[in-house]
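Hello,

Here is the structure for your files.

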Amino acid sequence: MSSIRDTDLGRADPVGCLADLATSVQQVSATTPVTEIDRVFRADQQLRSLVVHEDGICFLLTREQVEFTLTGRLGYGRGLHARSTAIQMVPENSFALPGQMSLANAAQRVLELPEGNRYRDVLVLTDEGPRVVSVSQIFERLSAEFRYAALHDPLTGLPNRRQLEESGATSIEGSVDITRIAVLYIDLDGFKAINDTFGHQAGDEILIGFADRLRHLVRPTDLLARLGGDEFAVLLVDVDEAQLLAIADRVVLGASVPFVCDGHLLHVSASVGIAMAGDVAAERELSRLDVLLRHADGAMLKAKQAGKRQVARLDGHGEAAPIVRNALIRRRLPKAFETLSFTLHYQPQMDLSSGDCSAVEALLRWTDPVLGAVSPAEFIPIMELSGDIHRIGQRVINEACAQARVWLDAGTPRRIAVNVSPLQLAARTIVPELVSALHRHAVPAHLIEVEITEGAAITDLPRAIGQLQQLREAGISIALDDYGTGFSSLALLRSLPLTTVKIDKTFVDNIDSSPSDALLVGGIIDTAHAIGLTVTAEGVERQSQLQLLRDLRCDTVQGYLISRPVAPEDLPQRCSVSSSTTLRAVPLDPKGRIESS
């Protein structure tokens, strides 16, 4: 079990409402003489209050109220009240709360009382009879509840990342041998598919069940935490390599046992990354725990890339560097979503017959305060592993349609090509998302083009064809990107509902120096034209490439010779390529029209 107990945070007994915290109290009738009330309080110095009941109504009478009344300002209180009864001692502003009220609401009601009444005991009315609770108990327990909630995952009850960091730092500092500290980083494989197929309730049941299994798989002294989503971590102190590997193997085996949810047997597995303090060097900017977590996270990614359902460990600095960077990228992604750090840049596509740049490709960019500029080649595969690709895909579609609307309103309409991940096609969400965005921004369908890679089409060809056909029926054009790098054939080109083929940069690189490459590219262009497709050549960087592509009757080109990806406000209306291989923008007047020379 986790080494952090509920009792450590004041959570020994669950408190659902005010009645759970209140205690029983002695009752007296309204006609009880004051002398008897005084005797009762004197006989039990620990007694703080009594309940006075009259005609089914209860009132709280405190020791403080009785002593104040009997003492009196001039010392004649006992004589004046010698014949008084209990009900006459009850203050006018008697206060009671229902037992089913939550602690938070009870605290709010207490704070609304006048200053002089705010610190008295509170009468609690329950079905079992009156009870009493002190104001200090309410606020102390509420404080403990808030602290517990701040340090625990509400779904599984495990410590959360904050508690791991707080208690983990203390455990590491108190360790006699720092090299015997280790971290397990655990991620469930196939969890998102279960969420998508069976719903989030089934996913929550699996997380709760897996957390319970983990409690029994780790040692009592280990600190187990849920980091978020389907990720868990374990901090182990005073552990050797053999013990660490044995625990990691138990976690993998424990996850492989099917979960029973609503009569279904649901299968997941776990990828586990391990890191020992001796594996990593201390870093000035990070705590030792953060360094261990980062390396274990990288090892977990290595386990996933190796086929999942296994334990992995980074071997040496050469292997660690890129994988640890990937782990850091993955840990920075939630912050990027939170701070809206992703932006879209647009790379123009030049029409070789007219020189127009009325079509662009939307390219995702991310600059992080810690990592700097992160390439899409780095973060897109990580997003596909984590499932974030669907969230960013929706954002890209929405922003591209919003930008298309801006250009349309300015009188400079441009068709925007949007890259779509294979996972978006497989999830069957791309069609409703695109159609909804077009409708939301009132953008004509012909101003959006979807780009898929060969791999996206081939992974599940029937499903891909169905999705793409729906897009074509909606008026959206389809481009096959990176053509030539996969396993495309003429039959595939004919079966997919395409409008454009984009020739990969690797085929364009040497066409001006290699006759065979030029012949190959010319064949692709002729074949595409023969079946009614237009052709775009990617990666054009030299004038000689551009001229040859024009001679080969290529339709459009894009590359650094035309323009690098730029912010939307930096795009020209027309493109003119000079011999110095730079893009010269044709001047526009304030309304976006081409100025006359």
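**Second largest pocket**

The second largest pocket has 37 lining residues, and E361, L363, P376, N419 and D481 lie nearest its centre. This is a predicted model, in which local features need pLDDT of at least 70, side-chain atom pairs count only at pLDDT 80 or more, and totals for chains, interfaces and linings use all residues. Numbering starts from 1 along each chain as its sequence is written, and side-chain values use heavy atoms, with hydrogens and water left out.

The grid has 1 Å spacing over the protein atoms alone; a pocket is an open set of points with protein on both sides within 12 Å along at least five of seven lines, a cavity is a set where a 1.4 Å probe fits but cannot get out, and lining residues have an atom within 4 Å of a point.

Nonpolar means Ala, Val, Leu, Ile, Met, Phe, Trp, Tyr, Cys and Pro; charged means Asp, Glu, Lys and Arg; the others, Gly among them, are polar.

**Largest pocket**

The largest pocket holds about 1,100 Å³. It is lined by 36 residues, with K192, L385, S386, G387 and D388 closest to its centre. Helix α9 gives the largest share, five residues. The lining splits into 14 nonpolar, seven polar and 15 charged.

**Cavity**

One cavity of 30 Å³ or more turns up in the whole structure. The largest cavity holds about 160 Å³. Of its 13 lining residues, N93, S94, F95, R120 and D121 are closest to the centre. Strand β4 (residues 57–62) gives the most, three residues.

**Helix pair**

The axes of α15 (residues 388–409) and α17 (residues 430–441) come within 9 Å and cross at roughly 30 degrees. Axes are lines fitted to C-alpha atoms over the stretch in contact, with angles from 0 to 180 degrees between N-to-C directions. The two helices are therefore roughly parallel (under 35 degrees). Residues in contact (heavy atoms within 4.5 Å) include Q394 and R405 in α15, and E433 and H441 in α17. The contact residues divide into seven nonpolar, three polar and three charged.

Best wishes

Technical notes:
Helix = DSSP H or I, 4+ residues; strand = E, 2+ residues; numbered from the N terminus. Parallel < 35°, antiparallel > 145°, perpendicular 65-115°, else oblique. Points joined across faces, edges and corners; volume = space filled by probe spheres on them.
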